[in-house]
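Me: I am new to this structure and would like to understand the terms used for it. Please take me through them with care.

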2 protein chains.
Amino acid sequence: MASESVSSQAMMGGDGQYSYARNSEFQSHGVETAKAIINRVISDKLDLNRVASSSSKVFSIADLGCSVGPNTFNAVQNIIDSVKLKCQSYGHDKLEFQVFFNDLVSNDFNALYKSLPSDRQYYAAGVPGSFHNRLFPKASINFFHCSYGLQWLSSTPKELNDQNSPAYNKGRIYYSRGPNEVVEAYSAESAKGIESFLLARAQELASGGLMALIVPCLPDGISPGECSVLASADLLGDCLMDMAKMGLLSEAQVDSFNLPSYFPTPQELKALLKRNASFSIEKFEPLALSAQRQLATNTPTVVSHLRANLEILVKEHFGNGIIEDLFDRFSKKIDESSVYSQTSVYKPLVENVIILKHNT
Amino acid sequence: MASESVSSQAMMGGDGQYSYARNSEFQSHGVETAKAIINRVISDKLDLNRVASSSSKVFSIADLGCSVGPNTFNAVQNIIDSVKLKCQSYGHDKLEFQVFFNDLVSNDFNALYKSLPSDRQYYAAGVPGSFHNRLFPKASINFFHCSYGLQWLSSTPKELNDQNSPAYNKGRIYYSRGPNEVVEAYSAESAKGIESFLLARAQELASGGLMALIVPCLPDGISPGECSVLASADLLGDCLMDMAKMGLLSEAQVDSFNLPSYFPTPQELKALLKRNASFSIEKFEPLALSAQRQLATNTPTVVSHLRANLEILVKEHFGNGIIEDLFDRFSKKIDESSVYSQTSVYKPLVENVIILKHNT
C-alpha cells in the first residue's frame with residue numbers, strides 16, 4: 001500500500017448531483033471570460049492562408065481534458081465562430097471543421113457523446129488518452145484548447161510515499177502544508193508533465209497553429225498555504241486523519257494518498273513555456289473574472305465543486321464506503337474554517353489565459 | 001404506440017454474458033476470413049503515392065459500426081499491417097496511422113476505449129453517429145471498413161405500423177413471413193440506407209481510397225423464410241405473440257415492434273452499389289467460411305448471438321421485465337424447430353466481402 005501512488009482520474013461522469021456536468025460552473029465562468037481574448041488572438045494571429053490553401057480545407061480543433069459538456073462545447077463553438085468570422089472577412093473558401101474531444105480513458109465519453117449539440121456544424125470525434133503523450137498525427141491540429149487541465153499531474157511523485165525520503169508526505173494529502181521537499185517533488189512532477197505536454201503538442205500542432213490554455217495558478221508572492229483552494233485540500237486531509245484516528249480507516253491509507261494536482265505560479269509556468277522553443281508566447285494574462293465569481297464561495301458550492309473533482313480519486317483509494325461521511329465532515333470543516341471568509345489571509349487562485357503560437 | 005417505429009440501436013455493451021464483446025465470435029470468423037482478400041486488394045489496388053506525396057503523411061482508417069472490441073481492433077490492425085508492408089516494398093516514407101472507430105451514439109464507447117490494445121501503433125479516435133450520415137470531413141479517410149453493419153436499418157419503415165397500409169405487419173416482427181408489401185417496404189428502406197451510406201462515403205473517402213464491406217446477404221434464389229437467421233427471427237416473434245396471448249404483454253406492442261434489419265440478396269446489393277458512380281466494384285465475392293463455422297449452430301450459441309444483437313431493442317420497446325422469460329421461450333422454440341438442423345430446407349446467410357474503390 002505504502003508504495004502506491006495516486007494516478008490521475010477523470011472528473012465525475014454522468015449527470016448526478018456531484019457530476020462534473022452539474023458542478024463545473026466555476027470553470028464555465030473562466031471559459032466565458034477567456035472567449036474575448038481567444039477571439040482577438042484568432043483575429044490577429046491565426047494564419048488561415050495555410051489552411052485555406054491546402055487541399056483538405058479542414059480546420060481541426062482539439063479540446064484537451066474536455067471532461068463532459070457543456071463547457072467544452074461552448075469553448076469549441078466560440079473558436080469555430082471566431083475562425084468563420086475571420087474566413088468571411090478574408091473571403092476564404094468555406095472550411096470544414098473537425099473537433100477532437102480528448103480526455104483520459106476513464107472519462108465518461110458515453111455521456112459526452114449523448115450531450116453533443118444536435119445543431120453542431122462540425123465533425124465530432126473523441127480521443128481517449130493522457131495529454132502528456134502524443135494523441136494526434138504530426139501537424140494535424142490547427143487549434144488546441146485546454147482549460148483547467150494543466151494543473152493535473154499524470155501521477156503523484158513516488159517519493160511522497162517513500163518512508164525513507166525527505167519528501168515522505170506523512171499525515172497529509174497535499175503539498176500546501178508540507179515541508180519544502182514535498183513542495184519541490186510536486187513542482188518537479190508538474191514541470192515534467194507540462195514539458196511532455198508541450199513536446200507532444202509541438203509535434204501535433206500544424207504550422208502557424210495556435211494553442212489556448214487556461215491555467216489556474218498560485219498568485220506570485222504568497223505561500224501555498226495562503227491560497228483558499230489549497231488550504232481546503234488540507235482540510236480534506238484533516239478529515240481523513242480524523243477518520244483514521246477514529247479507526248474508520250488506517251493512517252497508512254492516508255499517508256499513501258496524495259492529490260495529483262499542482263498549481264504553478266505564473267512566473268514558474270512562464271519559465272516552463274519559454275523552455276520549449278517551438279512556441280512563442282503571444283499572450284499570458286490573468287482572467288479578469290467578475291467580482292461575483294470571486295465571491296461565489298458558499299460552503300455547499302465549494303464542497304460540490306471539490307467533490308466533483310475528487311470523488312473518483314478518493315473512491316479508488318479508500319473505497320466507496322467513506323464517501324458520504326468524509327464529505328459531510330469536510331463540509332463542517334469548511335464551515336468552521338476561515339478559508340473562504342477571511343479574504344485578507346486566504347487568496348483565490350489566479351486563472352491565466354495563455355496563447356501560444358507554433359513558430360514554424 | 002401503434003405509430004411508433006423501432007430505431008436502430010447499438011450492440012449490447014459492457015462485458016456481461018450477453019455483451020457483444022463476448023458474443024461476436026460469429027462475426028470474428030468473417031473478419032478473419034476476409035483478411036486475405038483485403039490484404040491482396042491493398043497490395044494490388046491501393047494508391048499509396050497520393051498519401052506518401054502529401055504533406056501530412058497520415059493514413060486514416062475508419063471502421064464503421066465498430067461496436068466494441070476485439071473484432072474491430074483485429075480488422076484495423078490487419079489493414080495497417082498490410083499498408084505498412086506495401087510501404088516497405090515501395091520504399092515509401094514512414095506513414096502515421098489514425099484510426100476512427102465509429103458507431104451509434106448509444107454504443108458503449110467507454111468499454112471500447114478501455115480495451116484499446118496498449119501496444120497499438122496508431123492514433124485512436126471515436127466517432128459517434130449514424131453511418132447513414134456524414135461523419136468526416138471531405139476526402140479525409142483513406143480506407144473504410146464496415147463489417148456486419150449494412151444489414152442494419154436506421155429505422156424500420158413507417159408503413160409497417162400503419163393499420164391502413166397493405167404493409168401493416170400485424171402479428172409479426174419481421175418480413176420473412178410477411179406479404180410482398182412488407183418485404184418491399186423493408187427492401188426500399190434498406191436501399192435508401194445503403195444509398196445514403198454510399199453518398200456520405202463518396203464525399204469522405206480520399207482520392208484513390210478503398211472501402212471494404214462485409215455484408216451478410218440472403219442467398220440468391222431462396223425466399224426469406226428459407227433462411228435460418230430470418231426464420232429464427234420469426235420464432236422470436238412467435239414467442240412474443242405467445243406471451244401476448246397469455247396477457248404478459250399486449251398484441252399492439254408486438255404489432256408495433258419490427259426488427260430494423262434487412263438482408264439484401266447479392267444481386268440486389270450489387271445493383272445498389274453500381275448506382276453510385278463514385279465507386280468501382282473491385283471485388284464482390286462470398287466468404288469461403290470454414291465448414292466448422294457453418295455448423296457451429298447449437299442452440300445456446302444461436303440464442304446468445306441473437307440476444308447480444310437484439311436485447312437492447314427488445315428492452316427499449318417492451319421494457320426490462322420480459323427479457324429473461326422471452327429468451328427462455330426463444331431457446332425452447334429454437335430447440336423444437338428444425339431451423340438449424342434441417343439444412344436441406346433452411347440455408348445460412350451468405351457473407352460477401354466487397355471492395356469498392358473511389359474513382360477519382
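Reply: Helices (H or I, at least four residues) and strands (E, at least two) are DSSP runs, numbered from the N terminus, and the expected span of a helix is 1.5 Å times one less than its number of residues. This is a predicted model, in which local features need pLDDT of at least 70 and side-chain atom pairs count only at pLDDT 80 or more, while totals for chains, interfaces and linings use all residues. Residues are numbered from 1 along each chain as its sequence is written, and side-chain values use heavy atoms, without hydrogens and water.

Me: What span is expected for helix H3 of chain A?

Reply: Helix H3 (residues 71-90) of chain A has 20 residues, and its reach of 29 Å from first C-alpha to last is close to the 28 Å expected.

Me: What makes Glu96(A) and Arg134(B) a salt bridge?

Reply: A salt bridge needs a side-chain nitrogen of Lys or Arg within 4 Å of a carboxyl oxygen of Asp or Glu; the side chains of Glu96(A) and Arg134(B) meet at 3.1 Å, N to O, and therefore they qualify. Across the interface of chain B and chain A the rule finds 2 salt bridges.

Me: How many residues of chain B are in contact with chain A?

Reply: With contact meaning heavy atoms within 4.5 Å, 24 residues of chain B touch 24 residues of chain A.

Me: What is the area buried between chain B and chain A?

Reply: Buried area is the accessible area (1.4 Å probe) that two parts lose on being put together, summed over both; here the value is about 2000 Å², of which carbon and sulfur atoms give 58%. Tyr113(B), Tyr123(B) and Pro137(B) supply 27% of the area that chain B buries against chain A, more than any other three residues.

Notes: Chains lettered and ligands numbered in written order.
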